[in-house]
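The sequence and the coordinates follow.

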Amino acid sequence: MLKWLIRNRLDAFEKKYRYDLGYMRELMDLDYAGFRHFARAIGGGKYRGALPRDAWYAAKLATMQHDDCGPCAQLCVDMALEEGVPADALKAGADRAPAAMPADMALAWRFATATLTRDPAADHLRDQAVARWGAAGAASLALTITLARLYPTLKYAMGHGKTCQTLSVAGTENPLRPVA
């Protein structure tokens, strides 16, 4: 009964966002206990803490751009647009142009990118995040980056991460480019 309910929720999510959750179905079928543990982490991935909404989405987008080949990053963009994040700021993120983003988004995007690429600039950017959002906000930013990696990591590890695509932000196509 519970698996039936979960499958219905996965179906509804796929239909709403045009996003393939085959990797989650496969995990549920192969290792239901493991799927339940992953499902708990999904709830954590919705946690924003002391981080402003737009900065939270910028950090998620930068993480998805680093770790994904398109579908997860597109899902992030679609959800951000749905929640009212400005399309022009998301286009700047998709173009890897943080200078064109509002300050909060640019800081979160730069920090996430620096963290994921092990750029020493992450230390300075972390200090800026603490100054802007407090230590709790910087911790929320770190948690956001960590949890955003769960989806593409699981998807690729299970062999479902082979679909590349461009990002579409409010009708504009933005090719995903490797992080430099």
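A residue is called buried under 20% relative accessible area, exposed over 50% and partly exposed in between, with a 1.4 Å probe and protein chains only. This is a predicted model, in which local features need pLDDT of at least 70, side-chain atom pairs count only at pLDDT 80 or more, and totals for chains, interfaces and linings use all residues. Residues are numbered from 1 along each chain as its sequence is written, and side-chain values use heavy atoms, with hydrogens and water left out.

Because its relative accessible area is 5%, K155 counts as buried. K155 belongs to helix α9, residues 150-157; helices are DSSP runs of H or I with at least four residues, strands are runs of E with at least two, and both are numbered from the N terminus. Contact is taken as heavy atoms within 4.5 Å. Leaving aside residues up to four places away in sequence, K155 touches Y19, Y23, D68, P71, C72, H160 and G161.

**Salt bridges**

A salt bridge requires a side-chain nitrogen of Lys or Arg within 4 Å of a carboxyl oxygen of Asp or Glu. The count under this rule is 8 salt bridges.

| D29 | R7 | 2.4 Å |

D29 and R7 form a salt bridge with their closest N and O atoms 2.4 Å apart. This pair links distant parts of the chain, with D29 in helix α2 (residues 22-30) and R7 in helix α1, 22 residues apart. D29 is partly exposed at a relative accessible area of 48%, and R7 is partly exposed at 27%.

D67 is buried, with a relative accessible area of 16%, whereas R149 is partly exposed, with 27%.

D123 and R126 both lie in helix α8, 3 residues apart, which is about one turn of the helix. An α-helix has 3.6 residues a turn, so residues three or four places apart point the same way. D123 is partly exposed at 46% relative accessibility, and R126 is partly exposed at 37%.

**Aromatic rings**

Rings of Phe, Tyr and Trp (its six-membered ring) pair if their centres lie within 6.5 Å; planes under 30 degrees apart count as stacked, over 60 as edge-to-face and the rest as tilted. The whole structure contains 5 aromatic pairs. One of them is the tilted pair of F13 and Y17, at 4.9 Å centre to centre with 45° between the planes. Both residues lie in helix α1, 4 residues apart, about one turn of the helix. F13 is partly exposed, with a relative accessible area of 26%, while Y17 is buried, with 10%. The pair of W56 and Y57 is edge-to-face, because the ring centres are 4.8 Å apart and the planes stand at 70°. W56 and Y57 are both buried. F13, Y17 and Y19 make up one aromatic cluster.

A charge sits over a ring if NZ of Lys or CZ of Arg is within 6 Å of the ring centre and within 35 degrees of the ring normal. R132 lies over the face of W133, at 6.0 Å from the ring centre.

**Backbone angles**

Most residues other than glycine have a negative phi, and most peptide bonds are trans. R96, although not a glycine, has a positive phi of about 55°. R96 is placed in the loop between α6 (87-94) and α7 (103-116), and is buried at a relative accessible area of 17%. In α6 itself, A89, L90, A92, G93 and A94 are buried. R118, also not a glycine, has a positive phi of about 60°. R118 occupies the loop between α7 and α8 (121-148) and is exposed, with a relative accessible area of 62%.
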